[in-house]
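Please open the structure in your viewer and keep the selection tool at hand, as this tour moves from one selection to the next and says what is found at each stop.

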Amino acid sequence: MTPADDQEREALLARLRQLERAGRALEPGASRRKRLRNAVVASTERFLRKLQTLKAYEETEDKGAGLLASPIAEHGISIGAALALLEHDVIRPGAHPGAPGHLAYIPGGGLYHAALGDFLAATSNKYAGIFFGAPGAVRMENMLVRWVADLVGYPAAAGGTIASGGSIATLAALATARDAHGLTGADVARAVVYLTDHAHHCIEKALRLVGLGEAQLRRTAMDPRFRMRPGALADAIAADRARGLRPWLVIAGAGTTDTGAIDPLDEIATIAARERCWFHVDAAYGGFFLLTDEGRRALRGIERSDSVVLDPHKSLFLPYGSGIVLVRDAAPLLAAHDYAGSYMQDALREPGEVSPADVSPELTRHFRGLRMWLPLILLGTRPFRSALEEKLLLARYFYREVGRLGFEVGPAPELSVVTFRWAPPGTSLARANELNRAIVDGVKRDGRVFLSSTMLDGCFTLRMVALSFRTHLRTIDLALRVLREQASAVT
Ligand SMILES: *Cc1c(COP(=O)(O)O)cnc(C)c1O
């Protein structure tokens with residue numbers, strides 16, 4: 001070694017020691033961790049204490065823009081200052097999906113046990129993409145997928161994965177349906193997809209993303225309760241075959257977002273099987289009502305589908321970021337997501353345990369299983385079953401009572417969505433639409449509960465969805481009170 005070499009080595013070592021010290025903040029010690037943790041827990045406790053009385057929708061002047069006054073900079077700020085920003089500018093404005101009064105769109109959840117699961121998952125940062133990397137984590141996810149497959153009634157050959165939500169789960173299902181039927185570029189323009197006007201827009205988005213944006217969409221007629229008419233489906237398929245088209249995919253809703261309607265799954269399954277179409281069921285909202293006796297009856301036929309999507313972040317009350325896709329036969333799901341990378345050659349595949357990366361567009365992903373496993377393993381399924389049955393009955397109760405207040409009601413709820421509108425006798429359609437728009441705006445301004453609306457056959461229609469695990473009878477009574485006040489205010 002020359003003296004110049006020695007000098008260079010010393011300089012390198014000095015710089016390394018300096019950088020290690022400068023980066024030390026990335027690994028807080030036990031007492032610093034405790035301070036951070038206590039501050040964060042105190043913030044969550046402040047939130048949870050307020051949640052019962054919080055406005056379900058909070059309108060703020062600047063819509064959280066205060067956050068932008070503290071840009072990411074070379075030097076950090078204190079945990080107290082960061083939490084103050086978070087509480088004021090992020091948590092406060094807008095909707096509170098897990099609040100009892102959130103009865104709009106499809107309410108979310110936010111089980112505390114799931115939040116702790118996320119904390120554990122992020123702390124250990126187990127790599128749940130490939131069995132080799134974290135055999136226990138992958139077993140946990142597969143066990144959960146199997147639990148849901150049993151709930152749906154799928155055979156042992158079924159496969160699936162926990163994706164980030166219903167839209168990504170739908171993407172995986174439709175990529176599988178495409179490959180299982182051997183659709184190639186040349187077939188796209190002749191391929192036909194059957195669905196109703198109330199199918200969720202994530203389906204069209206997924207079709208575009210899997211290269212099938214030019215497939216033909218056949219909007220199948222609905223009955224007066226907004227359910228697909230099986231006869232119309234059979235006729236449409238026959239007409240398309242006669243025209244030389246290729247009927248490929250039938251999509252049914254198991255709880256549509258608009259009205260909570262369940263398409264007649266059993267009859268549709270029979271038609272899809274006869275016509276050799278792939279049968280996909282969108283149960284993103286309604287799926288976990290399978291835990292209840294009434295839900296099981298209402299969803300009969302779901303077990304005959306080729307693929308299904310269920311969102312644990314809806315009817316299983318998990319925080320956002322979990323949607324499950326299941327495919328009756330795992331083989332085409334695996335084939336559609338097959339990949340190889342030579343740098344992965346050490347990651348041997350384990351017979352009997354599918355790796356999530358092999359059945360998903362994702363490779364590296366959040367260890368999502370833990371947020372679902374922790375609440376289920378700690379609480380068992382019983383409280384979920386009860387809470388879901390409670391939602392079904394709350395919807396039924398609301399349906400009766402809102403009718404008694406003089407609102408015109410839509411079809412009796414099949415799950416936990418109720419549609420209704422204010423249309424006093426003699427009101428024109430245009431005037432009724434104005435009144436209902438005014439009511440939904442008034443409810444939002446009032447803020448004690450949060451409702452949303454949709455258009456049904458040209459009618460501006462109000463929706464009430466009971467799905468938060470925190471929504472109970474007193475919330476529904478409050479919603480009825482608010483609606484009575486708003487209706488008399490606009491009339
Ligand atoms: C919410 C929903 C989706 C989309 O799922 P995301 O989890 O929001 O991506 C699809 N279909 C139905 C019926 C839904 O309610």
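Does Asp266 count as buried, partly exposed or exposed, judged by its relative accessibility? Select Asp266 in this predicted model and show its side chain: at 24% relative accessibility, Asp266 counts as partly exposed, because the buried class ends under 20% and the exposed class begins over 50%.

Arg300 is exposed, with a relative accessible area of 53%.

Next, select Arg368 and Glu362, whose side chains form a salt bridge at 2.9 Å, N to O. Here Arg368 is buried, with a relative accessible area of 6%, whereas Glu362 is partly exposed at 21%.

Arg404 is exposed, with a relative accessible area of 64%, while Glu401 counts as buried at 17% relative accessibility. For a further stop, select Asp197, Glu204 and Arg219 together, which are joined into one network by salt bridges that share partners. In total, the count comes to 27 salt bridges.

Leave the side chains now and switch to a cartoon view for the sheet. Four strands form an open sheet in the order β10-β11-β13-β12, with antiparallel pairing. Its edge strands are β10 (408–409) and β12 (452–456), each of which pairs on one side only. Follow β12 to strand β13 (residues 459–465), with which it pairs in the antiparallel sense over five bridges; to see one position in this part of the sheet, select Ser453, whose bridge partner in β13 is Leu462.

Finally, colour the two helices that pack on this sheet. Helix α14 (residues 382–404) touches β10, β11 (417–421) and β13, and its direction makes about 10 degrees with that of β11. Helix α15 (residues 429–446) touches β11, β12 and β13, and its direction makes about 35 degrees with that of β13.

Definitions and conventions:
Residues numbered from 1 in each chain as written. Predicted model: local features only at pLDDT ≥ 70, side-chain atom pairs only at ≥ 80, totals over all residues. Heavy atoms only, no water. Pairing = 2+ DSSP bridges. Contact = heavy atoms within 4.5 Å. Axes fitted to C-alpha atoms, helices over the stretch in contact; angles between N-to-C directions. Salt bridge = Lys/Arg side-chain N within 4 Å of Asp/Glu carboxyl O. Buried < 20%, exposed > 50% of the residue type's maximum accessible area, 1.4 Å probe, protein only.
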